[in-house]
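Subject: Structure handover

Hello,

Here is the structure I said I would pass on. Please have it open while you read the notes below.

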Amino acid sequence: MKVIFFSAKPYDRQFFNRYNNIPGLETEYYETHLGPHIVNVIEDAYAVCVFVNDKLSAPVLEAIAAKGVKVIALRCAGFNNLDLDAAKRLGLRVCRVPAYSPEAVAEHTIAMLLTLNRKTHKAYNRVREQNFSLDGLLGFNLSGKTIGVIGTGKIGKAFCKIMLGFGCTVVAYDVYEDAGLKELGVAYKSQGEVLATADILSLHCPLTAENHYLINSDTLAQMKDGVIVLNTSRGGLISTADMIEALKSKKVGALGIDVYEQEEKLFFRDLSENIIEDDTIQRLMSFPNVLVTAHQAFFTDEALSQIAKVTLGSIAAFAEGSEPSPEVILV
Ligand code: NAI
């Protein structure tokens, strides 16, 4: 039984090979992302294993199904890159890893916030050049500030708990309210109230057709002047063009993003010798108060171990004809 991996990096091989103790399970790795240009390499595969920027449109899924593939294994939580209806129609089984390490993503969000606020990235470079001046490094206390959280699922919940530990007031919006978080002191409000009251806004909801460009010129106008916006969820939640205008007008005081709406053309690759044609990300990166990381929030040893174990377990369960646990099954 063969599993073909796309968008496979050395660390994917390392962790999947480490946890592949399934008898007869053979792995084949391709560094390129999955799309119409590469479906021809799929031969004799039981499963195809993909990541966030592989594009599983209906035509790609049709080509995969025609090759006899039975399972699509997403080694990530989000699935906005896959046409679920098409997968269902084609009889493909689709699984994901719903919670490999919510703490990994929540902790990275805090790392971004602390970097933006306390300017540790600048301090690091300054001190190495024997510049011990503090000018320009002024931050503010997080304690006592209001943190707005959109989406209090697994990651949002972990993030809320950490922010409560910092002594922040946490206000949140989610279509479902979490009783445990309420007990801890999180106040659920309407989305509008969260946007209007947050000193720091962090996005932890999935990207759907309804919330595409949730952060746009209208919603930015509702926010406090100087708000810090953090997005470790999906790039399409923010209109980058509107965000650039808000940064230029100083409406937004700082922006930390681990995801970007055009990231599939850039992220997970070393382009240091290339000319970047995406002027929007270049403009974003030119702001001193913008921090971009390249979809690394999940990137911890614990998370990669969990991703490999859960994905291999799901594929093996499908192959044996026994269903994996319901929360990993999408179709
Ligand atoms: P989850 O499914 O546990 O939680 C999502 C929450 O968002 C749910 O409580 C849901 O009710 C809520 N929600 C859905 N639509 C909403 C809306 N329009 N407004 C407000 N709340 C809404 O998902 P989890 O594990 O917390 O992940 C959240 C997102 O984080 C994922 O969808 C994914 O896009 C992103 N992610 C990013 C990673 C990274 O490395 N940067 C790694 C893993 C996930």
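A crossing of two helices is called right-handed if the near helix is turned clockwise from the far one by less than a right angle, and left-handed if the turn is anticlockwise. Please keep in mind that this is a predicted model.

Helix 4 and helix 6

The crossing of helix 4 with helix 6 is right-handed. Helix 4 covers residues 102-118 and helix 6 covers residues 154-165; their axes come within 8 Å and cross at roughly 50 degrees. That angle makes helix 4 oblique to helix 6. On the helix 4 side, the contact is formed by Pro102, Glu103, Val105, Ala106, Glu107, Thr109, Ile110 and Leu113. Helix 6 contributes Lys154, Ile155, Ala158, Phe159, Ile162 and Met163. Sorted by class, this contact has 10 nonpolar residues, one polar residue and three charged ones.

The ligand

Which residues are the closest to the ligand? They are Lys154, Ile155, Asp174, Thr232 and Asp258, out of 24 residues that surround it.

- Asp174: a polar side-chain atom lies 2.6 Å from an oxygen atom of the ligand.
- Lys154: an N or O atom in the side chain is 2.7 Å from an oxygen atom of the ligand.
- Gly153: a polar backbone atom is 3.4 Å from an oxygen atom of the ligand.

Helix 1 and helix 12

Helix 1 (residues 10-19) and helix 12 (residues 301-320) have axes that come within 9 Å and cross at roughly 55 degrees. Helix 1 is therefore oblique to helix 12. This crossing is right-handed. From helix 1, the residues in contact are Tyr11, Phe15, Phe16, Arg18 and Tyr19. They meet Asp301, Leu304, Ser305, Ile307, Ala308, Lys309, Thr311 and Leu312 of helix 12. The contact is made up of eight nonpolar, two polar and three charged residues.

Helix 10 and helix 11

Is the crossing of helix 10 and helix 11 left-handed or right-handed? Helix 10 passes helix 11 in a left-handed crossing. The axes of helix 10 (residues 240-248) and helix 11 (residues 279-286) come within 11 Å, with a crossing angle of roughly 25 degrees. Angles under 35 degrees count as roughly parallel, so helix 10 is roughly parallel to helix 11. Thr240, Ile244, Leu247 and Lys248 of helix 10 meet Thr280, Arg283 and Leu284 of helix 11. Three of the residues in this contact are nonpolar, two are polar and two are charged.

Regards

How values were computed. Residues numbered from 1 in each chain as written. Predicted model: local features only at pLDDT ≥ 70, side-chain atom pairs only at ≥ 80, totals over all residues. Heavy atoms only, no water. Axes fitted to C-alpha atoms, helices over the stretch in contact; angles between N-to-C directions. Helix = DSSP H or I, 4+ residues; strand = E, 2+ residues; numbered from the N terminus. Parallel < 35°, antiparallel > 145°, perpendicular 65-115°, else oblique. Contact = heavy atoms within 4.5 Å. Nonpolar A, V, L, I, M, F, W, Y, C, P; charged D, E, K, R; others polar. Near = heavy atom within 4 Å. Polar contact = N/O pair within 3.5 Å; in protein donor to acceptor, adjacent residues only side chain to side chain.
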